Amino acid sequence: MGHVLPVCVIGLGLIGGSVMRAASAAGRATWGATASTTDAEAARAAGFTVEDSVDDALRRADEEDALIVLAVPLTALAEVLRSVSAYAPGCRLTDVISVKGAVSEAVRKINPYARYVGGHPMAGTSRSGWSAGSAELFRDAAWVVTTEDDSDEEVWTEVVQLALACGANVVPASASAHDDAVARISHLPHLMAAVLASVGASGGPLSLALAAGAFGDGTRVAGSRPELVQAMCEGNRAALLDAVDDALGRLGAARGSLASTGGLAATVNAGHLARRELEQHRSGTRHPVKVDLEARDALATLRDLGNKGGRLTALDGTVAIVQML
């Protein structure tokens, strides 16, 4: 694998803090910075190195040729990118932010010469902050690494190696395909959870007293910090609108059927089958496919395998091992 880059994490909340823990546990030199005094103090108390400011952390990243990981809310991204441009313009750059198109656009606008490859680990909880994190958060989780035809292959490899070191499986995908997918399986669920929680609460004390597993499971992510959910969903507006339209169409069909015939078989059966597909995808037997990273079309091949549900689980020299169903 050659020289292992140190890791500089900007933002030490749930995801950034977990990246720092996991990278450190994998033997990487790590340090970070955060705008949160609470998170900074907690990370230092746990024995991690937290610089006094973002600028200081980035200066060190420049001096030590670190891989910079941006783990800040989308609303704070532009300011941090300006600091990266000022203090560590030559460093390899990635992020763990939940939308990719908006981040890529911001990087192109503010740091047009940045060596950037995006990332997004699909892991988390409804809690936030350093205290919610864990070195094991990414174990066997999917970690999207943006894979475009013009991706910097050296940086792409570094980001993949970081994700694997953190215990994740890498899903190669384009930024646009990622945003379309997460609108359906992450951002829409957050929006639906907010609606479901509001509908339940509007039923009054009796409804809340009777709320059990179905309501709790369906509304869990509504416990996330509202400003983070808002930034995430609004940052993926176009794709989320498509997903909302799909959901509204299905709800409308269910309502129409319930009102006219009293039946919900089509809706319930379709959902049951879709859930079974998810379970089969998670537990199905996989077989390895080897991709030569030195081939001219390697990134396109990996992206295609990712679109088909493949997960890159290892790099063996110049060969990527992708597990396929």
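## A salt bridge across the chain

Aspartate 65 and arginine 92 pair through their side chains in a salt bridge, with N and O 3.1 Å apart. This is a predicted model, and here it joins distant parts of the chain: aspartate 65 sits in the loop between α3 (54-64) and β3, while arginine 92 belongs to strand β4, 27 residues apart. Aspartate 65 counts as partly exposed because its relative accessibility is 32%, whereas arginine 92, at 10%, counts as buried.

Arginine 92 has another partner, glutamate 154, and the closest N and O atoms of that salt bridge are 2.6 Å apart. This pair also links distant parts of the chain, with glutamate 154 in helix α6 and arginine 92 in strand β4, 62 residues apart. Glutamate 154 is partly exposed, at 39% relative accessible area. Together, Asp65, Arg92, Arg115, Asp152 and Glu154 are linked in a network of salt bridges.

## Another pair, and the total

For a pair at other positions, look at arginine 225 and glutamate 227, whose side chains meet in a salt bridge of 2.7 Å, N to O. Arginine 225 is partly exposed at 39%, and glutamate 227 is partly exposed at 43%. The count of salt bridges comes to 16.

## Aspartate 95 in strand β4

Strand β4 (residues 92-95) also holds aspartate 95. Is this residue buried or exposed? With a relative accessible area of 0%, aspartate 95 is buried. Its side chain makes a polar contact of 2.7 Å with that of tyrosine 116.

## Nonpolar cores

Which residues of the largest nonpolar core touch the most other members? They are Phe138, Trp143, Trp156, Leu302 and Leu312, out of 45 residues in that core. Elements giving two or more residues to this core include β1 (7-10), α1 (14-25), β7 (142-146) and α13 (298-307). Helix α6 gives the most, with seven residues.

Leucine 312 has contacts that include Trp156, Val160, Leu164, Leu302 and Ile321. A second, separate core of 24 residues includes Cys8, Val80, Val99 and Tyr116.

## Cysteines

If you are wondering about disulfides, a search of the whole structure finds zero. For cysteine 91, the nearest cysteine sulfur is that of cysteine 8, 7.9 Å away. Cysteine 91 counts as buried at 4% relative accessibility, and cysteine 233 counts as buried at 10%.

## The annotated domain

The unreviewed UniProt entry lists residues 5-307 as "domain: Prephenate/arogenate dehydrogenase". In this model that span is 56% helix and 12% strand, and its end C-alpha atoms lie 29 Å apart.

Key. Residues numbered from 1 in each chain as written. Predicted model: local features only at pLDDT ≥ 70, side-chain atom pairs only at ≥ 80, totals over all residues. Heavy atoms only, no water. UniProt positions renumbered as here; feature names shortened; annotations may be inferred. Helix = DSSP H or I, 4+ residues; strand = E, 2+ residues; numbered from the N terminus. Buried < 20%, exposed > 50% of the residue type's maximum accessible area, 1.4 Å probe, protein only. Polar contact = N/O pair within 3.5 Å; in protein donor to acceptor, adjacent residues only side chain to side chain. Disulfide = S-S within 2.5 Å. Core = buried A, V, L, I, M, F, W, Y, C linked by side-chain atoms within 4.5 Å. Contact = heavy atoms within 4.5 Å. Salt bridge = Lys/Arg side-chain N within 4 Å of Asp/Glu carboxyl O. Lists of a residue's contacts leave out its neighbours within four places in sequence.
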